[in-house]
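Please keep the sequence and the coordinates at hand while reading.

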Amino acid sequence: MATRATDAGTNQSVERAVSVLRALDSGRPELRVSDVAELTGLGSSTTSRLLSTLERLDMVERDPVSNLYRLSLGLLPLAATATNRHPVHRAARMVLQGLATRTGLGANVAVRRGGELMFLCNFEGTRAPKSYTQAGHTAPLHATSIGKCLLSGMAPKERRKLLGDPLDAHTEYTTTSHDLLDTEIDTVRRTGYAVEAEERALGRASLAAPVRDASGEIVAAISLWGPTSVLGDHSDTEGQRLALVREVIEAADAISQALGAL
């Protein structure tokens, strides 16, 4: 039987290995050993040993010319399995694909993970092209329509404790006041959908609606995103925007029903 000291050492090794993997997901495509050491706070020799072990396990790979490290496709089967087994992903995938095709916009589904949202699946129409998948990426809850839907199932005190104060500004249009966020979420509860315009990225807006499970709890949310001319407060035609609101609410309802909601 392992001793407590052995268990503690083993757990620390796992935590350090995970911290190395997360460092390689920090936004830069490739990193030096020293970069990973700086991001993790580990010593260079420890970092080098961990990277070598992870390379042997096909979790990371090293460029043969530059010797820079990046995440390996060996992680993909694990990530794909985790995603495909998630009930929200299974219920939402085909619905989102149809939504993106009909509207020509981007369609996403996300769940809350602590103080952020995490995308499980996304599809892009012709008006919202992207060269990468959103799955696994995170985003702020307070600065996105999909995040505001996820927050709408929480009381104001819970939201303040979760998000802290002040709320981070991502653009000049980001909601940074909890009082204003409370007002916006009251509107989400009343109307059944959320709107966001240029709060996270300039030139881009989104509409979202919550997804509920069999207990009636909000477990996810879906969104349509695209240019502000289509989805923002000053969209080309109000009728066009209302039609998109109906689309996203009906899609969220279809996913909720697949999860057992009445």
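## Loop residues with positive phi

N67 is found in the loop between strand 1 and strand 2, where helices (H or I, at least four residues) and strands (E, at least two) are DSSP runs, numbered from the N terminus. The model is a predicted one, in which local features need pLDDT of at least 70 and side-chain atom pairs count only at pLDDT 80 or more, whereas totals for chains, interfaces and linings use all residues. Residues are numbered from 1 along each chain as its sequence is written, and side-chain values use heavy atoms, with hydrogens and water left out.

N67 is not a glycine, yet it has a positive phi of about 65°. At 46% relative accessibility, N67 counts as partly exposed, on a scale where buried means under 20% relative accessible area, exposed means over 50%, and partly exposed lies in between (1.4 Å probe, protein chains only). D58, also not a glycine, has a positive phi of about 65°; D58 is placed in the loop between helix 3 (44-56) and strand 1 (60-62), and with 40% relative accessibility it counts as partly exposed. Most residues other than glycine have a negative phi, and most peptide bonds are trans.

## A cis peptide bond

The bond between D165 and P166 is a cis peptide bond, with omega at about 5°. P166 is found in the loop that runs between helix 7 (156-163) and helix 8.

Strand 3 (residues 106-113) pairs with strand 4 in the antiparallel sense over seven bridges, two strands being counted as paired if DSSP finds at least two bridges between them. The two strands form a hairpin with two residues between them, and G114 in the turn has a positive phi of about 65°. Within this pairing, A110 stands opposite F119 in strand 4.

Strand 4 also pairs in the antiparallel sense with strand 5 (residues 138-140), over three bridges, and the bridge partner of E116 in strand 5 is P140. Strand 4 (residues 116-123) is mostly covered, since six of its eight residues are buried.

## The largest pocket

The largest pocket holds about 1700 Å³ of space. On a 1 Å grid over the protein atoms alone, a pocket is an open set of points where a 1.4 Å probe fits, with protein on both sides within 12 Å along at least five of seven lines, and lining residues have an atom within 4 Å of a point; grid points are joined across faces, edges and corners, and a volume is the space filled by probe spheres set on the points. Of the 38 residues that line the largest pocket, D25, A79, A135, G136 and H137 are the closest to its centre.

At least two lining residues each come from helix 1 (4-23), strand 2 (69-71), helix 4 (76-84), helix 5 (87-103), strand 3 and strand 4, and helix 4 gives the most, with seven residues. The lining comprises 20 nonpolar, 11 polar and seven charged residues, where Ala, Val, Leu, Ile, Met, Phe, Trp, Tyr, Cys and Pro count as nonpolar, Asp, Glu, Lys and Arg as charged, and the others, Gly among them, as polar.

## The second largest pocket

The second largest pocket has a volume of about 270 Å³. Its lining has 19 residues, of which P210, R212, G216, D253 and S256 lie nearest its centre. Two or more residues of this lining come from each of helix 8 (178-191), strand 7 (204-212) and helix 10 (238-258). Helix 10 gives the most, with five residues, and by class the lining divides into nine nonpolar, six polar and four charged residues.

## Nonpolar cores and a buried threonine

The largest nonpolar core has 29 residues, of which L96, V109 and I222 touch the most other members; such a core is a set of buried Ala, Val, Leu, Ile, Met, Phe, Trp, Tyr and Cys residues joined through side-chain atoms within 4.5 Å. The elements that give two or more residues to this core are helix 5, strand 3, strand 4, strand 7, strand 8 (218-227), helix 9 (228-231) and helix 10. Apart from it lies another core, of 19 residues, including A110, L141, C149 and L163.

T47, placed in helix 3, is buried, with a relative accessible area of 0%. Leaving aside neighbours within four places in sequence, T47 is in contact (heavy atoms within 4.5 Å) with V33, V36, A37, T40 and L42. T47 and V20 are 27 residues apart in sequence and 7.5 Å apart in space, C-alpha to C-alpha.
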